[in-house]
Amino acid sequence: MFQGPFNESIIKRAREKGIIEINLINIRDFTEDKHKTADDTPFGGGAGMVLKIEPIYRAWKSVSESRGECPVIMLSPQGRKLDQDLVKSLSKEKGLILLCGHYEGIDERVREAIITDEISIGDYVLTGGEIPAMVLVDAITRMLPGVLGDEQSKLEDSFYNGLLDYPVYTRPREFMGLKVPDILLSGNHGAIDRWRKKESLKKTLLRRPDLLEKKILNHEELSLLDEIKKEIAGGENG
Ligand code: SAM
């Protein structure tokens, strides 16, 4: 499952440059019976299969003995929800062990024995933790210095500074009557910068007012927000 996403584009280049190293560990390699059994039926009955503790414990021990102690994150819909602040803080860790569940879940004692954090990628249930692990690796990788061609771009991305990103356009200047805003063609960088800040605030206000409540706005942002609110009120009244 991991071969495609980890061997394409930005993640591939980050691996080639040695900025990140990804090791895939198959829990089945740490089973001890001839059928390589990594799961079993749940005690007490009920639907689904449960991943066993012993192979997971052995896999964790082997990785942490060879690589040193680091946070052990279980991907789980019951974990704290992933957001950009969490991605930023995880990107400062020297290493991470990500544990992907499958089937009905993982023996609860794994949580007590080795897990240091549980992370969910949203309030829905997927078939396994592999895609959530890929999401986490992708989001963390693009935070690391030297990964993106233009370091500035991540600073302007949605969420990085607590706001949604401003709209972007490229050629042609007009498509089926849809025009690029004149200001972006003006060459006036001060005005473009102000327009982008304002659009970013407007989008956030209209789509994610919860983000604005959390953000501490500077003087310029407060005055732009005031302008936006007046324009919206004017539009509603007119
Ligand atoms: N029975 C579990 C529950 O309700 O909490 C769900 C198990 S799910 C079918 C199988 C595995 O997929 C989980 O152990 C977890 O690793 C992964 N998974 C599913 N949804 C996820 C989500 N939203 N975020 C992170 N991991 C998830």
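A: Start with a term: a nonpolar core is a set of buried Ala, Val, Leu, Ile, Met, Phe, Trp, Tyr and Cys residues joined through side-chain atoms within 4.5 Å. Keep in mind that this is a predicted model.

Q: Which residues touch the most other members in the largest nonpolar core?

A: In soluble globular proteins, nonpolar side chains tend to be buried together. Here the largest nonpolar core has 24 residues, and Phe6, Leu90, Ile119 and Leu136 touch the most other members. Helix H2 (9–16), strand E3, helix H4 (84–90) and helix H6 (130–141) each give two or more residues to this core. The largest share, 6 residues, comes from H6.

Q: What does phenylalanine 6 touch, not counting residues up to four places away in sequence?

A: Phenylalanine 6 touches Ile11, Lys12, Arg15, Ile22, Leu24, Met134 and Val137 on that count.

Q: Which residues come nearest to the ligand?

A: There are 19 residues around the ligand, of which Leu75, Gln78, Gly101, Glu104 and Tyr124 come nearest. By type, the shell divides into 9 nonpolar, 9 polar and 1 charged. Strand E3 gives the largest share of this shell, 4 residues.

Q: Where do backbone atoms lie close enough to the ligand for a polar contact, a pair of N or O atoms within 3.5 Å?

A: A backbone N or O atom of glycine 101 is 2.9 Å from a ligand oxygen atom. Ligand nitrogen atoms lie 3.2 Å from a backbone N or O atom of serine 76 and 3.1 Å from a polar backbone atom of isoleucine 121. The protein covers 85% of the 580 Å² of accessible area that the ligand has on its own.

Terms used
Residues numbered from 1 in each chain as written. Predicted model: local features only at pLDDT ≥ 70, side-chain atom pairs only at ≥ 80, totals over all residues. Heavy atoms only, no water. Near = heavy atom within 4 Å. Polar contact = N/O pair within 3.5 Å; in protein donor to acceptor, adjacent residues only side chain to side chain. Areas by Shrake-Rupley, 256 points an atom, 1.4 Å probe, with all protein chains shown as cover. Nonpolar A, V, L, I, M, F, W, Y, C, P; charged D, E, K, R; others polar. Buried < 20%, exposed > 50% of the residue type's maximum accessible area, 1.4 Å probe, protein only. Contact = heavy atoms within 4.5 Å.
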